[in-house]
Amino acid sequence: MDFNPSLLALIPILPLIGFVLNGCFGNRMGRQFVSIVGCALPITSFVIAFRAFQALRGSESEAIRHTLFEWIHVGSFQVDMAFTFDGLSAVMCLVVTGIGSLIHLYSTGYMRGDKSYARFFAYLNLFTAFMLMLVLGDNLLVLFVGWEGVGLCSYLLIGFWHEDAANCDAGRKAFIFNRVGDLGFLIGVFLIFTLFGSVNFAEILVGVESISDVTAPASSLNSAMPMWGTVAIGTLITAITLCLFVGATGKSAQIPLFPWLPDAMAGPTPVSALIHAATMVTSGVYLCCRLMPLFSLSPQTLGVIAAIGACTALLAALIALSQTDIKKVLAYSTVSQLGYMFFAIGMGAYSAALFHVVTHAFFKALLFLGSGSVIHAMHHEQDMRKMGGLRRQLPFTHLIFIIGTLAIAGVPFFSGFFSKDEILFSGFFAAFHGHDGHVHFQDQLFWGMATLTAGLTAFYMLRMVALTFWGKSNVDDKLVDHVHEPGGWMPFSLAVLAVLSVFGGILNVPELLHWLPFVGEERTFLLGNFTGLHHAHTGIDLDALHKLEWTSLIISVGVGATGLAAAWYLYGPGRALLDGFVNGAGKKLVRISENKFYIDEVYQILIVTPFQFASYVMFILIDRFLIDGVMVGGSALVVRSFGEFFRRMQSGFVPAYLLTFGCGALVLLFIMMSLLNGAG
Amino acid sequence: MSVDLIPLVTFGLLALVVAVGALAASELLGPRRRDPEKLTSYECGVPIFETAREPFHIRFYLIAILFILFDIETVFMVPYVTLFRDLGVFGLVEMGTFVAILGLGLLYCWKRGALEWD
Amino acid sequence: MPINLVSADYAAILPAVILIATGLAVLIADLFVTDDGYDNPSSEKSHLVWIGVCGAALAFAALFVPSGLLFGAWSENGVASGSEVVFLGALRLDAFGGFAAAIIIVAAGLTTLSSGGYLAAQGQNRGEFYGLVYLGGGAMVLLAQATNLISIFVAIETLSLTVYVLAGFFRKWKLGAEGAAKYFILGAFSSGFLLLGMAFVYGATGEISLAALGKSTADPYLMNVGLLLILVGFGFKVGAVPFHSWVPDAYQGAPATAAGWMAVAVKVCSFAALIRVVVAAGQGGVADAAIGKMLAALAVVTMVLGNLAALNQTNIKRMLAYSGIAHSGYLLIPVVLAFQGTPDPKVGAGALFYLVAYLLMTIGAFTVVAMVSNGDTDREELESYNGLAKRQPFVAFAMTVSLLSLAGMPGTVGFLGKLTIFKDAVYSGPYLYLAFVGILASLVSVYYYLRPIVAMYFREEGETIEIVENNWGVKLTLVLTSFGTIALFFCGKSVHELSVRSIQSITG
C-alpha cells in the first residue's frame with residue numbers, strides 16, 4: 001500500500017492545529033465547533049497512523065521516515081525535526097491516537113457543563129500533539145520536545161480547575177517532580193552525545209552495535225571524547241542508562257519520584273485517563289524500549305530498574321489497599337502497573353513491558369473513564385465511602401468496572417492476563433532458571449514481590465468495585481434521585497474500550513497458548529515480533545520452557561484468584577472479620593497504608609525543609625546582600641558615577657568640547673609617537 | 001641678480017609708480033571741500049566710532065554673501081575662456097551645466113526674496 | 001591636457017548626479033508648485049516627498065545599470081568585476097562604493113518619506129530640508145567612492161555643510177541653533193586635523209592618491225602621524241569617543257528625521273572612506289601596527305563609554321545619540337580588522353553588513369520619535385512613551401523592533417550584524433578582546449533599549465497624546481523598516497554575501 005512519508009508529519013500537526021483553532025477561536029465559535037475540531041483532528045491522526053501502520057506491515061522496510069525541516073546544524077551537531085514510524089512508534093502512535101480519540105469523544109460528554117470547555121479541548125489537543133511528537137521523534141531532541149511538552153500539558157491540565165489552590169499545588173508538584181527527572185534525562189542525552197556523537201536513534205543504535213560487537217572498529221563512536229579519557233565505556237553506558245532511567249522515573253512515577261501521580265488526580269477525569277494512565281506516564285517505558293540495545297548493555301542498570309519496578313509495584317499496591325478516593329485507588333494502581341512494566345524491562349522482557357503498556361492503556365483508560373461516569377453521576381463525589389449499591393442505578397458502568405477489574409486482575413483470557421503473565425513469567429524464568437544458568441536471590445525476591453502485587457491488585461480492585469457498586473447505599477439522599485448513566489458519546493467510548501480490554505490480549509499471545517480460538521500460530525508474539533522487541537529465551541529446550549511457563553501461569557492466576565476471592569469475601573459476607581482486623585490487630589498497618597507510608601512527610605523533612613532553609617539562606621546571602629546590595633547597588637553606583645562624570649564632561653560649553661577633542665587627539669598622538677619611537 | 005627676475009622687478013616698479021602717481025594726482029588735481037563726515041576714515045559707509053557689538057542689519061551680510069558667491073563662481077569662467085577651443089562641445093556642455101546651476105541659484109534667491117531690500 | 005571622459009566615468013558619478021539633480025529639483029519645485037502656498041510650512045507638500053523618493057529610486061536604479069557600481073557584484077554572482085579608477089584617480093567605480101551608496105540612497109528615500117508629515121506638524125516644512133538631504137546625499141555617495149585625499153576632503157566638507165544646516169533646521173528652536181553651532185565649530189576644528197593629516201601624508205609620499213599610502217616612503221614617521229590625524233578627523237565624523245561631544249547636542253537639536261539621516265548616512269560614507277584609507281594603509285606595510293592599536297583603543301573606549309553614557313539618558317534623542325556613538329564603536333571593530341587584514345581583508349565586510357542593519361533600525365527608531373513628538377519638542381522625553389502600545393500598537397511595535405534590533409536581539413537583523421562583527425573579531429586572533437568588550441557593552445545596552453519598551457507596554461499613559469499618524473509616508477517608512485529589520489534576519493545571507501564581494505572590490 002502506498003503511503004506518502006510526508007503524511008507522517010500530519011499526525012502530530014493535526015492536533016496542533018486543533019490546539020490553535022480551539023485556543024484562539026474556541027470561545028467565540030461555541031461548543032459545537034470546539035467538539036468537532038477537538039475530536040475530528042485526533043481521529044484523522046488516528047486514521048493516518050493506521051494507514052501508515054498498514055503500509056509498514058505491507059512493506060519490507062523497517063521504518064517510514066520523514067524529515068520536516070533541518071532544525072539545528074551547528075558544526076558536527078546536526079539535528080533534524082524528523083519523524084520515524086517503525087514498529088514501536090506505530091504501536092505507541094496507534095495507542096495515543098486511538099485511545100486519545102476515544103477520550104476526546106468521552107470528554108465532549110464529561111466536560112459538557114464546564115465553562116472552560118474550549119480551553120480544555122485546546123490543552124487536550126496540544127497534549128496529543130506533543131505525545132505524538134514524543135513517540136514519533138527520530139532523535140532524542142525531538143523526543144525531548146515532546147517529553148517537555150507533555151509535561152507542560154500535564155501541568156496545565158492537572159491545574160485545569162485553577163480556582164482551587166489545591167489543584168494548582170498538585171500541578172506544581174507534578175511539574176517539580178518531573179523537573180528532577182528531566183535533569184537526569186538531559187544529562188543522559190548529553191552523555192549520549194559525548195559518547196556517540198549523535199542524538200539520532202538510528203546512529204546511536206549503530207554505535208551500540210559497534211560496542212557490543214567487539215570485533216567491529218569503534219568508528220561510529222565519537223572518537224574525540226576529551227572528557228572521558230580512561231573511563232571504561234561500560235561504566236559510561238551504565239551512567240547514561242541510569243540517567244535516562246532517572247528521567248523515566250519522573251515521567252512514569254516510579255520510586256522515588258512517584259508521589260505526584262496520585263495528586264495529579266486533581267485534574268478532570270478524562271485527563272487522568274489519557275495522560276496519567278494510558279499515554280504520558282508510559283513514555284518512560286517507551287524510552288527504555290526505544291533504546292533497548294543500549295539498556296541491554298548494562299546489567300547493572302537493568303538490575304536497578306528491576307528493583308525499582310518491583311518495589312514500586314508492591315509499595316503502590318499496598319497504599320492502594322486503603323485508599324477511599326476512587327481515583328486515588330486507580331492512581332496507585334497505575335503506579336503499581338507502571339512498576340510492573342519497569343520490572344519487565346529490568347528482566348529484559350521489553351516486549352512484555354510494551355505489551356503491558358498497551359493492555360494497561362485499554363483497561364486503565366476504561367476504569368478511569370468508568371470512574372468518571374461514576375463521578376459524573378455522583379456530581380463530583382469521589383469518596384467511595386459515600387457510594388455503595390450503585391449497581392442498581394448504574395448497571396452499564398458496573399459492567400464496565402467488572403470487565404476492567406477482571407482484566408487488571410489477570411483473569412485468564414482477558415487482555416491483562418496475557419501481558420501480566422508474560423511479565424511474571426519473565427521474572428519467574430530469571431528467578432528459577434536464570435538467564436545465564438545461575439539463579440540469583442534478588443531475582444527470586446523481585447519475582448515474589450511482583451507475584452504478591454498481583455494478588456494485592458486483584459484484592460484492591462475488587463474492593464473498589466464492592467465499595468462502589470455493591471452492598472448498601474451510602475449515597476447522599478439529595479443525590480440519590482439524580483444518579484444516572486452517562487449519555488452522548490460517553491457510553492460509546494466505554495464500550496469500545498471494554499471490547500479492547502477483553503480481547504486486547506490477542507495482540508501478543510505467547511506461543512504456549514496458540515491453540516486458543518482466534519489465535520493461531522501467526523498471532524503468537526505478534527506485537528513483540530512486529531516491534532522487534534521480542535527476545536526468545538535461549539539455553540533451554542522447549543518442553544522445559546513450557547513446563548516453567550505453565551507453572552508460572554498457574555501461580556499467577558492462583559494468586560490473582562485468591563485476591564479476588566478474599567476481596568469478595570471480606571467486603572461481602574465476611575465484612576465483620578475485616579472490620580475486626582482494621583480496628584484491632586491491623587490498625588497500625590492500615591494507618592501506614594492510609595498515610596502512604598509517610599512518603600510525603602519523609603520528603604518534607606528530608607528535602608523540602610532543608611531546601612527551604614537553604615533557599616532562605618541564599619535569599620539573605622545572595623539576593624539581599626550580594627545582588628541587591630553589592631551588585632545592583634554597586635553597579636548602580638558605578639553607573640551613576642559614570643553618568644555624573646559624563647554630565648560634567650557634557651557641560652554644553654563648546655570650549656569644554658574642544659578641550660575634550662584636543663586632549664583626546666593629543667593623548668592618541670602621544671601614545672602613537674611613543675609606540676613609534678619604541679618600535680624604531 | 002638672475003635675469004629671470006627682471007620682469008618681476010619691472011612689474012613691481014610699475015605698480016609702485018601707478019599707485020603713487022594716482023594718489024599724487026588726486027592730491028594735486030582734486031578739489032577740496034572738507035566737512036566732518038569726509039574727514040573720518042572710510043569704512044564702507046558704517047559709523048566707525050561705536051561699540052563694536054552694535055548689530056548690523058542682516059541684509060548687508062546677505063547681499064555681501066550673494067555677491068561673493070556669484071563673483072567667485074564667475075571667476076571659473078576665465079580659465080574656461082582660455083581653453084575654449086580645445087575643450088570643444090564637451091567643454092560647452094560642462095560650462096552650460098555650471099552656468100545653469102548658477103542660474104538656478106539665482107532663481108532661488110530671487111524667488112525667496114533675497115534680492116529685495118524691503 | 002584635455003580630459004577624455006569615458007562611459008565608466010559617467011557610470012561612476014551617475015548616482016551622485018541624480019541625487020544632486022533631485023536636490024535641485026526639490027528646491028525649485030518648492031518655489032513654483034504651490035498647492036496651498038509655497039510659503040506655508042505647515043502644509044504637507046507631498047509633491048516634494050514624491051520627487052525625492054522618485055529621485056532616490058532613480059539613483060538606486062543607476063547603481064545597477066550596466067557598468068554601474070553594483071552591476072558586477074550583483075549580476076556576476078560571486079565575482080566583483082569592473083572596478084576601475086575614474087576621473088584621473090579622484091574616484092573609483094567599484095562595488096564597495098556602490099554598496100555604501102545603496103545604503104545612503106535608501107536612507108535618503110526613507111528620510112524623505114518620513115519627514116513630510118513630521119515637518120508639517122512642526123510648521124517647518126520647507127523644501128530646503130529635502131534639498132539639503134539630497135545635495136548632501138550626493139556628496140556622501142562621492143565620498144564613498146573617493147580615492148584621493150583631495151576628493152575625500154571636498155566630499156567631506158560638502159556633506160558636512162549640509163548636515164550642519166540640517167542640524168539647525170529648526171532655527172527658531174534654541175537647542176537646534178545651539179546644537180548646529182557646536183557641530184559647526186567642532187566640525188571646523190576636526191577638518192583642521194583631517195587636513196593637517198592629509199598634508200603630512202602628502203608630505204611623506206608626495207602623492208595625493210590613496211594608493212600612495214601603500215608605497216614605501218622616505219619618512220614613515222611623518223606618514224604615520226599623518227594617518228593618525230586623518231583618523232582623528234574621521235573619528236569626529238562618526239562620533240567616536242573622545243571626539244563625540246557634538247553628537248548628543250546636535251542630534252537633540254536636529255529634527256528627529258534629520259537626526260536619523262545624520263546618524264545613518266554620515267556614518268555610512270565616513271566608514272566607507274575610512275575603510276578605504278585603512279585598507280590602503282594597512283596593505284602597504286608602511287603604516288605602523290600602532291595605527292591598528294589606536295583604532296582598537298578608539299573602538300573600546302567608544303563602545304564602553306557610549307553605552308554607559310546612554311544608560312542615564314531620559315531624552316530619547318540623546319539616548320539614541322549615545323547609542324549611535326556606541327554603534328560607531330562596534331563598527332570600528334571591522335575597521336581594525338580590515339587594517340590588520342587578518343586573516344583576510346574580507347573581515348571589513350562586517351561593517352558594510354552592519355551598516356545595512358543600522359540603517360533600518362535607526363531610521364525606524366527616529367521615525368517613531370518624530371511621530372511621537374508631533375510638533376512638540378518636549379515630547380522627546382521617555383515619559384511621553386508611557387502607554388503608547390495601547391493607543392498605537394503598530395507604532396509601538398515598530399519602535400520595539402528597532403530597539404531590539406539595536407540591542408542585537410535574535411530575530412532582528414541587528415543580531416546578525418553584531419554576530420558577523422564579533423565572529424570576525426573572534427577569528428582574528430589578536431583582536432579577540434574587541435569581541436569580548438563588544439559583547440559586554442551590548443549586554444549593558446539592553447538595559448537602556450528596554451526602557452522605552454517597558455514604558456510603551458507596561459506604563460500607564462500620563463496624558464493622552466496625539467501623534468503624527470494619518471500620514472502615509474511615515475507609516476510606510478515604519479512598515480518598511482520593521483519589515484526589513486525582521487526579514488533580513490531570515491534572509492540576510494544574500495546581503496552579507498554581496499557585502500563580502502563588495503569589500504573585495506576595494507583592492508581588485
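**Entry 1: chain B**

I began with chain B, whose secondary structure comes to 5 helices and 0 strands. For me, helices are DSSP runs of H or I with at least four residues, strands are E runs of at least two, and both are numbered from the N terminus. Read along the sequence, chain B goes α-α-α-α-α. I then looked up burial and found that buried residues make up 0% of the 118 residues in chain B. A residue is buried if 20 or more other C-beta atoms lie within 10 Å of its own, exposed if 12 or fewer, and partly exposed in between, with C-beta atoms placed from the backbone.

A note to keep beside these entries: this is a predicted model, in which local features need pLDDT of at least 70, side-chain atom pairs count only at pLDDT 80 or more, and totals for chains, interfaces and linings use all residues. Residues are numbered from 1 along each chain as its sequence is written, while chains are lettered from A and ligands numbered from 1 in the order in which they are written.

**Entry 2: where the chains touch**

How many residues of chain A are in contact with chain C? I found 19 residues of chain A in contact with 24 residues of chain C. Contact here means that the C-beta atoms of two residues, placed from the backbone, lie within 7 Å. On the chain A side, helix 25 (599-649) and helix 26 (654-679) are the elements that give two or more residues. Helix 26 of chain A provides the largest share, 13 residues. By class, I noted 14 nonpolar, 5 polar and no charged residues on this side of chain A. The classes work like this: Ala, Val, Leu, Ile, Met, Phe, Trp, Tyr, Cys and Pro count as nonpolar, Asp, Glu, Lys and Arg as charged, and the others, Gly among them, as polar.

I also checked chain B against chain C: 5 residues of chain B are in contact with 5 residues of chain C. The chain B side has 3 nonpolar, no polar and 2 charged residues.

**Entry 3: a pair of helices in chain A**

Two packed helices are described by the angle between their axes and the distance between the axes. I looked up helix 14 (residues 326-346) and helix 15 (residues 350-377) of chain A, whose axes come within 9 Å and cross at roughly 175°. These axes are lines fitted to C-alpha atoms over the stretch in contact, and angles run from 0 to 180 degrees between N-to-C directions. Helix 14 and helix 15 of chain A are therefore roughly antiparallel to each other, the word used for angles over 145 degrees. Among the residues making the contact are L330(A) and Y340(A) of helix 14 and V357(A) and F368(A) of helix 15. By class, I counted 13 nonpolar, 5 polar and 2 charged residues in this contact.

**Entry 4: helix 15 of chain C**

Next I turned to helix 15 (residues 393-407) of chain C, which has 15 residues. From first C-alpha to last, this helix reaches 21 Å, close to the 21 Å expected at 1.5 Å a residue; the expected span is 1.5 Å times one less than the number of residues. Is helix 15 of chain C mostly covered or mostly uncovered? I found it mostly covered, with 12 of its 15 residues buried. V401(C), S402(C) and S405(C) are among the buried ones. The helices they pack against include helix 12 (316-340), helix 17 (432-458) and helix 18 (472-491) of chain C. Just after helix 15, G408(C) takes a positive phi of about 85°.

T485(C) is found in helix 18 of chain C. Why does T485(C) count as buried? The reason is that T485(C) has 25 C-beta neighbours inside 10 Å. T485(C) touches V401(C), S402(C) and S405(C), among others, not counting residues up to four places away in sequence. I also noted that T485(C) and G411(C) are 74 residues apart in sequence and 8.6 Å apart in space, C-alpha to C-alpha.

The loop between helix 8 (233-251) and helix 9 (260-263) of chain A holds P256(A), and the peptide bond from I255(A) to P256(A) is cis, with omega near 5°. A253(A) is found in the loop between helix 8 and helix 9 of chain A and has a positive phi of about 55° although it is not a glycine. With 31 C-beta neighbours inside 10 Å, I put A253(A) down as buried.

In chain C, the peptide bond from V241(C) to P242(C) is cis, with omega near 10°. P242(C) lies in the loop between helix 8 (220-238) and helix 9 (246-253) of chain C. My last stop was F87(C), in the loop between strand 1 (84-86) and strand 2 (91-93) of chain C. Phi of F87(C) is near 50°, a positive value in a residue other than glycine.

Terms used
Angles under 35 degrees count as roughly parallel, over 145 as roughly antiparallel, 65 to 115 as roughly perpendicular and the rest as oblique.
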